[in-house]
Amino acid sequence: MRPFAYERATSAEDALERHNDGAVYLGGGTNLVDLMRLGVEVPSRLVDVAHLPYDEIELLPDGGLVIGAAVSNSALAADPSVREGHPMLAQAVLAGASGQIRNLATVGGNLLQRTRCSYFQDTAKPCNKRNPGSGCPAREGEHHNLAILGHSQACVATHPSDMAVALAALGATVRIQGGAGERTIPIDELHRLPGDEPERDTTLEAGDLITAVEVPPLGMPSRYRKVRERASFAFALVSVAAALDVEDGVVRDVRLALGGVAHKPWRAWRAEGALRGAEAAGESFLRAAEAELEAAEPLRDNAYKVPLARNLIVRTLMELGGVRES
């Protein structure tokens, strides 16, 4: 690991002033420090923002939430207002990492995890994310757990966060403090698909600091389900965050997002559109899932993710809607 300077910010404004060329914000460090040990990240300065006053969860009168960026993942999953009003979010956090890592990891840091690919983490291999223009060996190499949606010739990595998938389904917005002041963006606009700039995981500008996440009220049953290669501490092969509102056998509203399939949490807009106003039945859920997955472009060894995602969507919606198999 290369030498680096460490500084602790005392405010958001102080953090912005300390963030210059070569500086990186430090939250819990559960992803960043690992990448520094591997030589993937080589910051000259760490600006510690984990102790800024953004460590509370506020329940709004309408049932929405404001979650500070310094809230730990463990505190988020254990909060009664989250568990009761937004259960898919609590379930998603508990599905990620180990208890020890959740105790340290922060909400802001979780959103800014680097995308997942073994070639990205191996500095002896070429990788467009680390060295733009060097190539993407994953396309012809080991890619069984990489992207099937929204990837490009330059990158097929997947976003690793479980929490971000639930927040995408919930339609959360992200508060950001930057050089031009505070702004908010929809979480669907925070992360980006690789295109020809896979080195950019997010749309944030240099020095931008996430201060909070705003989550609107949900008001319908929800669930997060994750398929992985082992029972604990494993990244998703495919995951789904789903919420379903059924009235008189008809889908009144639905929220769907997928994890483990793309460079960002994948909001299933096409499936949602197909389901609103449709009969709450297995056939409708299947048609919607297939409509969403028409855009899939699997590689040689990850085509299994297409039926896996389809079945996961259908099964989860059937359980939420109380629909029995025919």
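Helix α8 is followed by Gly171, whose phi is positive, near 70 degrees. Helices here are DSSP runs of H or I with at least four residues, strands are runs of E with at least two, and both are numbered from the N terminus. The model is predicted, so local features need pLDDT of at least 70 and side-chain atom pairs count only at pLDDT 80 or more, while totals for chains, interfaces and linings use all residues. Residues are numbered from 1 along each chain as its sequence is written, and side-chain values use heavy atoms, with hydrogens and water left out.

Helix α8 itself is mostly covered, with 8 of its 8 residues buried. Buried means under 20% relative accessible area, exposed means over 50%, and partly exposed lies in between, using a 1.4 Å probe and protein chains only. The buried residues are Met163, Ala164, Val165, Ala166, Leu167, Ala168, Ala169 and Leu170.

Two packed helices are described by the angle between their axes and the distance between the axes. For helix α5 (residues 87-94) and helix α8 (residues 163-170), the axes come within 8 Å and cross at roughly 165 degrees. That crossing makes α5 roughly antiparallel to α8. The axes are lines fitted to C-alpha atoms, for helices over the stretch in contact, and the angles run from 0 to 180 degrees between N-to-C directions. Angles under 35 degrees count as roughly parallel, over 145 as roughly antiparallel, 65 to 115 as roughly perpendicular, and the rest as oblique.

On the α5 side of this contact are Met88, Leu89, Ala92 and Val93, which meet Met163, Ala166, Leu167, Ala169 and Leu170 in α8. Contact means heavy atoms within 4.5 Å. The residues of this contact divide into 9 nonpolar, no polar and no charged. In this grouping Ala, Val, Leu, Ile, Met, Phe, Trp, Tyr, Cys and Pro are nonpolar, Asp, Glu, Lys and Arg are charged, and the others, Gly among them, are polar.

Ser161 is placed in the loop between α7 (107-111) and α8. Ser161 counts as buried because its relative accessibility is 4%. Its side chain reaches the backbone nitrogen of Met163 at 3.3 Å and the backbone nitrogen of Ala164 at 2.9 Å. A polar contact is a pair of N or O atoms within 3.5 Å; within protein, one must be able to donate a hydrogen and the other to accept it, and residues adjacent in sequence count only if both atoms are side-chain atoms. Not counting residues up to four places away in sequence, Ser161 touches Asn110 and Gln113.

Leaving aside neighbours within four places in sequence, Ser81 is in contact with Ile57, Leu59, Leu65 and His86.

Ala97 sits in the loop between α5 and α6 (99-104) and is partly exposed, with a relative accessible area of 26%. Asp248 lies in the loop between β10 (238-247) and β11 (250-259) and is exposed, at 74%.

Pro298 lies in the loop between α10 (282-293) and α11 (305-321). At 33% relative accessibility, Pro298 counts as partly exposed. Pro298 touches Ile148, Ala303 and Val306, not counting residues up to four places away in sequence. Pro298 and Val261 are 37 residues apart in sequence and 9.6 Å apart in space, C-alpha to C-alpha.
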